[in-house]
Amino acid sequence: MTTPDIERLDAMLTRLKLTAIRERLDTLLDEAARQELTLRETLAFLCEQEVAHKEQRRIQMGLSIARPFLRILEGFDFSVQPALDPGQIRELACGRWIVNGDTLLLLGPQGVGKSHLAVALGREAVKAGYSVQRSQSSRQASR
């Protein structure tokens, strides 16, 4: 390709917001050639890379916006709260309650892990494609 063709391709990829393809085009094309992919397979490969990149950025953006502090379900010590059913919490992490339009309310005294679970469940919701935000009322209520 000539320099004007390369610049034109770069401009089109930029306009189409195909940043992962634009930033890694030579590497991706080399990989497609190494795998001896057909033209259609190469196009699918490029699109897969772009989709994966956009999904990763979406998750990172959602987590950075929603993160008051880092908490994950794997870090929750269920032995400290034997009244909590770990299976029920894992079920909540699947997000069916969100799909159903249900509300989740975590009640309990101070220091039992409500905020930890709320943030961890929020992180799982972001990973599943939902947006989350920490409400002002929960911050005021916890003071």
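R123 sits in helix α6, where a helix is a DSSP run of H or I at least four residues long, numbered from the N terminus. This is a predicted model, in which local features need pLDDT of at least 70 and side-chain atom pairs count only at pLDDT 80 or more, while totals for chains, interfaces and linings use all residues. Residues are numbered from 1 along each chain as its sequence is written, and side-chain values use heavy atoms, with hydrogens and water left out.

Back to R123. Is R123 buried or exposed? R123 counts as buried because its relative accessibility is 15%; buried means under 20% relative accessible area, with a 1.4 Å probe and protein chains only. R71 lies 52 residues from R123 in sequence, yet the two are 8.2 Å apart in space, C-alpha to C-alpha.

Next, the cores. The largest nonpolar core has eight residues: L73, F76, I89, L92, A93, L117, A120 and L121. Such a core is a set of buried Ala, Val, Leu, Ile, Met, Phe, Trp, Tyr and Cys residues joined through side-chain atoms within 4.5 Å. Helices α4 (86–93) and α6 (114–127) each supply at least two residues of this core. A second, separate core has seven residues, including L13, I21, L25 and F45.

Last, helix α1. The 13 residues of α1 should span 18 Å, and its end C-alpha atoms are 18 Å apart, so the two agree; the expected span is 1.5 Å times one less than the number of residues. After α1 comes K17, with a positive phi near 60°.

Definitions and conventions: Buried means under 20% relative accessible area, exposed over 50%, partly exposed in between (1.4 Å probe, protein chains only).
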